[in-house]
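Please read them with the coordinates open.

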Amino acid sequence: MDIVEAAQAHGLTELIKLLESTGLVEALRNAEQPLTLFAPTNEALQGLPKSVKAQLESDPSLLPNVLRYHVAPGQLFTYSFGKDMMVNSLLPNATLRLNSFRYGKVSDLNDLVIDSGKFDSWLYQTFALVKI
């Protein structure tokens with residue numbers, strides 16, 4: 001199962017639509033390295049403010065960059081998150097800040113709580129973000 005199939009299997013349909021609209025599905029499927037996807041849930045994407053949605057629709061280069069920002073090279077696990085651990089994203093010159101609290105039971109990405117139900121696949125890791 002690749003990273004896109006893992007997202008599909010867990011019902012992240014809104015994210016899949018966005019990935020397809022930007023042509024990033026094939027790039028993720030054909031990645032030559034393990035990846036970690038910090039995937040907004042359908043509810044999180046639907047809850048974006050109208051102004052953010054309008055900005056994403058008006059600037060065709062913005063959405064692919066936002067989506068690349070949600071992907072990190074390597075297979076990351078919450079138990080390996082440190083305090084303010086910085087990792088590169090697939091967006092050039094952009095980093096993600098990861099934290100783990102209470103012995104790995106609560107983790108966050110840039111202060112957004114990561115759903116504890118991670119979706120494993122062979123070389124990929126997917127985490128759901130319930131609010132973005």
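1. Which residues of α2 are buried? The model is predicted, and in it the buried residues of α2 are Leu15, Ile16 and Leu19. They sit on the same side of α2, because they cover an arc of only 100 degrees around the axis. An α-helix has 3.6 residues a turn, so residues three or four places apart point the same way.

2. What do the buried residues of α2 pack against? Their partners are α1 (3-9), α3 (24-29), β1, α4 and α6. After α2 comes glycine 23, with a positive phi near 80 degrees.

3. Next, α6. Its buried residues are Leu63, Pro64 and Leu67. These too lie on the same side of their helix, since they cover an arc of only 100 degrees around the axis of α6. The cover over the buried residues of α6 includes α2, α3, α5 and β2.

4. Now the overall layout. The protein chain has six helices and eight strands. In sequence order the pattern reads α-α-α-β-α-α-α-β-β-β-β-β-β-β. Of the 132 residues in the protein chain, 39% are buried. Among contacts with a separation of 6 or more, 58% join residues 24 or more positions apart.

5. β1 is mostly covered, with six of its six residues buried. Leu35, Leu37 and Ala39 point one way from the strand. Thr36, Phe38 and Pro40 point the other way. Both sets are buried.

6. What is the sense of the pairing between β1 and β2? The two strands pair in the antiparallel sense, over three bridges. Strand β2 covers residues 71-73. Leucine 35 stands opposite proline 73 of β2.

7. Is valine 71 buried or exposed? Valine 71 counts as buried, because its relative accessibility is 2%, against a cut-off of under 20%. Leaving out residues up to four places away in sequence, valine 71 touches Leu28, Leu35, Thr36, Leu37, Ser89 and Leu90. Leucine 90 is 19 residues from valine 71 along the chain, yet their C-alpha atoms are separated by 5.7 Å.

8. Then the largest pocket. It holds about 420 Å³ of space. Its lining has 21 residues, and the closest to the pocket centre are Leu18, Leu45, Leu48, Leu56 and Leu63. Which elements give two or more residues to the lining? They are α2 (13-22), β1 (35-40), α4 (42-46), α5 (50-58) and α6 (62-69). By class, the lining of the largest pocket has 14 nonpolar, three polar and four charged residues.

9. Last, a backbone check. Most residues other than glycine have a negative phi. Asparagine 93 has a positive phi, near 60 degrees. Where is asparagine 93 found? It is in the loop between β3 (85-88) and β4 (95-101). Asparagine 93 counts as exposed, because its relative accessibility is 85%, where the cut-off is over 50%.

Definitions and conventions:
Residues are numbered from 1 along each chain as its sequence is written. This is a predicted model: local features need pLDDT of at least 70, side-chain atom pairs count only at pLDDT 80 or more; totals for chains, interfaces and linings use all residues. Side-chain values use heavy atoms; hydrogens and water are left out. On a 1 Å grid over the protein atoms alone, a cavity is a set of points where a 1.4 Å probe fits but cannot get out, and a pocket is an open set with protein on both sides within 12 Å along at least five of seven lines; lining residues have an atom within 4 Å of a point. Grid points are joined across faces, edges and corners, and a volume is the space filled by probe spheres set on the points. Helices (H or I, at least four residues) and strands (E, at least two) are DSSP runs, numbered from the N terminus. Ala, Val, Leu, Ile, Met, Phe, Trp, Tyr, Cys and Pro count as nonpolar, Asp, Glu, Lys and Arg as charged, and the others, Gly among them, as polar. Buried means under 20% relative accessible area, exposed over 50%, partly exposed in between (1.4 Å probe, protein chains only). Two strands pair if DSSP finds at least two bridges between them. The arc is that of the directions from the helix axis to the C-beta atoms. Contact means heavy atoms within 4.5 Å.
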